[in-house]
Amino acid sequence: MSRWKNYVGKFGLASTVAATALALSVGASSAEDKKFKIFLSLSYSGNSWQSEAANVVKALAATPPYDKMVEIKEVISGADPQAQIAAYESMIAEKADGIVSFPISSTALNRVIKKGCDAGVKFFMYDATVTEPCAYNISYITSGFGENTAQALVNELGGKGKIFLSRGVAGNSVDKRHTDGAMSVFKKYPGIQVVAEYYSNWDDRTTQQETAKALAAHPDVDGIWAQAGEYGAIQALMDKGTKLVPMTGENSNGFRLALANPEFQKRGLKGVSAGSPPAQSGYAFKLMMEVLTGKRKLEPQNIEYPLPWVPAADVKPCAGQKFENGCNVFPEGVVPSSFVTEIFNPTLLPELSLQSALDGKPTAGATIQALPADVVVKAGNEPGINCQKCEASKDLYKLSKVQPTVK
Amino acid sequence: MMDALSRKSSDKMQNAGGKMTENAFGAAAPDYRKTAKIKRETITACVVFGLTAALILSSRFVSSALGGWDLVGTVLILASFLIVVSFGQGLVILIGGLDLSIPALITLSGVLTASWIGVSGDGSWYLFPLIMAACGSVGAISGMGIVFLNIPPFIMTMATGIIVASSALGFTHGSPRGGASALLLTLMKGSVAGAPLIILFVLLFCVLAVIIQSRTSLGRRLMAIGSNAKAAVLAGIPTKSYIIMAYTVSAMSAALAGMLLVGYANGATLRMGDGYLLSSIASVVVGGSSILGGRGSYVSTIGGALLLTTLGIVISALGVPQGWRTVIEGCTILFALLLLRENIFLTFSRPKSRH
C-alpha cells in the first residue's frame with residue numbers, strides 16, 4: 001500500500017514542478033536597469049479564486065507606471081508547505097525585493113519568512129495569513145464571515161430549523177475560524193439543529209455531491225450555511241426537486257444570480273453572499289509597491305480587508321466589464337458560475353476590469369491610482385491565525401453586518 | 001487456441017486466492033466439487049452487491065429518510081461517474097497496469113466540453129466524438145510509451161497526466177469558461193417514464209461494457225495478457241496493440257465521465273477529476289480484481305463503485321466528526337476485502353503462517 005502512496009505523492013510533486021515551470025515561462029522579460037524584483041507565490045492553482053487573485057496582481061504589475069518599474073514572476077508551488085518553503089528560499093536567493101503570496105500554512109513558513117525579512121525582503125500575504133510578525137497580512141479573515149452569515153441565516157429561519165454546514169478543507173485554519181464564528185451564533189439558538197456537517201473543499205462540484213449525500217438523509221432541511229462552493233449546494237437542491245431553502249454562501253457569480261432570481265425566491269431561496277474576495281491580492285500588491293517606493297510608511301502588521309456583504313435585495317447585474325454604479329454580479333454567460341465576483345473595489349482598485357481578472361491583462365488606458373492615505377485598517381488578533389502567543393481580542397465574534405432579529 | 005488459453009487462465013483465476021502453486025499449470029484433474037461449479041466472479045459480485053443492498057436497507061437505522069428508493073436513486077446518480085471511470089481503470093488493471101492520468105483526462109474533457117460545446121452548442125454535437133478522440137489519443141500516447149519505450153505504466157500515465165493537467169491550466173488561465181449544453185443537461189437531469197435518463201444511460205453503458213470485457217475476444221485477450229504476457233505473445237496475440245487499446249479505452253471512459261460531470265455540475269472546474277483516481281482503483285479492487293492483473297470482472301467493479309458510493313452517503317449521515325468518518329470508511333473497505341477472500345476462515349484456523 002505504501003507503494004501507492006509514494007506514487008501518488010510523486011504525482012503531486014511532479015505536477016507542481018511542471019506547473020511551476022509553466023508559470024515561470026510566463027514572467028516578464030524585458031530588461032531594464034533597476035526594476036523591483038517581485039515574486040507572486042501561489043500555493044495551489046486550479047480554481048477560479050486562486051487564478052483571479054493571481055491575474056489581478058499580474059494585471060496591476062502591467063499597468064503604467066508599474067509596467068516599467070516591476071519585474072514580476074509567478075511561482076505555483078502546490079498544496080505542500082515544503083514546496084512553498086523551497087520556493088521562498090529560491091526567491092530570497094534571487095534577491096527579491098518583495099513577495100506577494102497566498103501562504104499555504106499559517107505556521108509552517110515562519111522560519112523562511114524570518115530569514116527573508118532579515119535579508120530585506122518584504123512579505124505581503126493575502127487572504128490566508130501567517131503568524132510570523134515580520135510579514136504583512138492583508139486578509140478579510142478577521143472581518144467575521146462565519147458569525148455574520150450564521151446570524152443572517154438564523155434571522156431568515158426565525159431562530160429554528162434543521163441546517164447543513166458545508167465547510168472548507170478539513171484541518172485548515174481558515175475553515176476552523178469561519179466555523180467557530182458560525183457555531184458561536186448557532187449555539188445561542190436551541191431551535192437550530194445542525195443535522196449534517198461535511199467538508200466540500202471550497203469546490204462547487206464537491207459541494208454539490210456532498211450536499212446531495214446529506215439531502216438523501218435529511219430531505220427536510222430548512223437552511224444551509226456554506227463556505228465557498230455554495231453554488232453547488234443550490235444545484236444539489238434543484239436536482240432533488242422544486243423546494244429551495246434559505247442559505248448563505250460566498251461570492252460566486254452563480255450564487256448571486258440565483259439569489260436575485262425571482263423564480264428561485266418564490267421557491268424559497270433567501271440569503272446573503274459574503275466571504276473571501278480575490279481583490280485582496282491586488283490591495284496587498286499596491287500596498288507593497290507603495291511601501292517599496294517609499295510613498296507610504298508602514299510597519300509589518302495585520303491589515304483587515306472589509307467583508308463583502310450582498311443580501312439578495314442588493315444583487316445588481318453589471319452592464320459592462322467593470323463594477324460601476326454599485327453593480328456586483330455579471331449577467332449569465334459572461335463569466336462561469338464558479339467565477340468569484342469580488343474582484344473589484346472602486347476605492348482600492350479602480351484600475352481593474354473583467355479582463356484583468358480573467359486573463360491578467362491591464363485595463364486599456366488605466367494608470368495606477370494611489371491608495372487613500374488613511375486606508376489601512378488594523379485587524380484584531382487571532383491566535384494561531386495572524387499572531388503567535390497573543391491574546392484573542394475580546395470581541396472576537398462580534399457581529400458587524402447584521403443584528404439578531406429573533407430571540 | 002484462444003479458448004484453451006482463456007480456459008486455462010480462468011482455471012488459474014479460480015484458484016488464485018487459495019493454493020495457487022498446486023494448480024498453476026492449469027490442466028490438472030477436473031474438479032468435480034460443488035463449490036468449483038460456481039465461478040469466483042459470481043461469488044464476488046454477490047458479496048459486493050449483497051453488502052451494498054444490506055447497507056442501503058440498514059441505513060434506515062441511521063436516518064428515517066434513508067433506506068428507500070430515493071436513496072437508491074441518489075446512489076445510482078452519484079455512482080454513475082465512478083462506474084464509467086472504473087471501466088477504463090479496470091481494463092488497465094486487468095493487464096497489470098495502472099492509469100494515473102484519469103483525473104487529468106476527466107478535467108481535459110470537462111474543460112473542452114464546457115468551452116467548445118458550451119451552453120448553446122447543441123448544433124455542434126459532432127464535437128463530442130472529437131473530444132472523445134482527443135482524450136483517446138492521449139491514452140494511446142501513454143500506451144505507446146509503455147509498449148515501445150518500456151516506461152513503467154505508473155510513470156508514463158503520471159507524465160501524460162501532468163502534461164494534460166498543465167495544458168488545461170494554461171488553456172483556461174485558471175477559470176474554465178462555458179457550461180453544459182441542453183443535451184447534456186437533459187441527459188443528467190431529465191427522465192423518461194419516471195426513471196432518470198442518466199440511470200438508463202449508465203445501465204446501457206454497463207451492459208455494453210460487461211459484454212466488451214467478458215464476451216468479446218478483446219476482453220479475453222486483455223485478461224490473457226494480464227495473466228501471463230509471455231504466454232499471450234506465444235499464443236499469437238498482438239499484445240502491443242492490445243495494451244495501447246486498453247489505455248485508449250481508459251482515457252475515453254475518463255472523457256465520458258468528464259462530459260457527464262459537466263452536465264451534472266453545469267460547468268467545469270480544474271479540480272473536477274481529483275476524486276476519481278483513488279476511488280476508481282478502490283472500486284476495481286473492492287470488486288475483487290487482482291491489482292496485479294489477469295483477474296477481474298466488470299460486474300463486480302460496478303458493485304464496488306456502488307458499495308463505495310453508498311458507504312459515503314451513509315457515513316455522511318452518521319453525524320460523526322470527519323476523522324471518525326474516514327476511519328469508519330477505511331474499516332468497512334477492509335472488511336469488504338476480507339469477506340472477498342474465500343480462504344479467510346482457513347487463514348484464521350491455520351496454526352501459524354509461513355511469514
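Colleague: What is the order of the strands in the open sheet of chain A?
Modeller: The open sheet has six strands in the order β2-β1-β3-β4-β5-β11, and the pairing is parallel. Strands (E, at least two residues) and helices (H or I, at least four) are DSSP runs numbered from the N terminus, and two strands pair if DSSP finds at least two bridges between them. Please note that this is a predicted model, in which local features need pLDDT of at least 70 and side-chain atom pairs count only at pLDDT 80 or more, while totals for chains, interfaces and linings use all residues. Residues are numbered from 1 along each chain as its sequence is written, chains are lettered from A and ligands numbered from 1 in the order in which they are written, and side-chain values use heavy atoms, with hydrogens and water left out.

Colleague: Which strands stand at the edges?
Modeller: Strands β2 (70-76) and β11 (302-304) of chain A stand there, each with a single partner strand, so one side of each has no neighbour in the sheet. From one strand to the next, the twist averages 20°.

Colleague: How many bridges join β1 and β3 of chain A?
Modeller: Four bridges join strand β1 (residues 36-42) of chain A to strand β3 (residues 98-101) of chain A, in the parallel sense. One residue to look at is I38(A), whose bridge partner in β3(A) is G98(A).

Colleague: Which strands does helix α12 of chain A lie across?
Modeller: Helix α12 (residues 279-292) of chain A lies across β1, β2, β3, β4 (122-126), β5 (136-139) and β11 of chain A. The helix runs at about 160° to β4(A). Contact means heavy atoms within 4.5 Å; axes are lines fitted to C-alpha atoms, for helices over the stretch in contact, and angles run from 0 to 180 degrees between N-to-C directions.

Colleague: Changing topic, how many disulfides are there over all chains?
Modeller: The count is three, a disulfide being a pair of cysteine sulfur atoms within 2.5 Å. In chain A, with bonded cysteines counted along the chain, the pattern is 1-2, 3-4, 5-6.

Colleague: Where do C117(A) and C134(A) lie?
Modeller: C117(A) is in helix α5 (residues 110-118) of chain A and C134(A) in the loop between β4 and β5 of chain A, 17 residues apart. Their S to S distance is 2.0 Å, and the torsion about the S-S bond is about 80°, so this disulfide is right-handed. Both C117(A) and C134(A) are buried, that is, under 20% relative accessible area, where exposed means over 50% and partly exposed in between (1.4 Å probe, protein chains only).

Colleague: What about the link of C318(A) and C327(A)?
Modeller: That link has 95° about the S-S bond and is right-handed. The sulfur atoms of C318(A) and C327(A) are 2.1 Å apart.

Colleague: Is F164(A) buried or exposed?
Modeller: F164(A) is buried, at 0% relative accessibility, and Y198(A) is buried at 2%.
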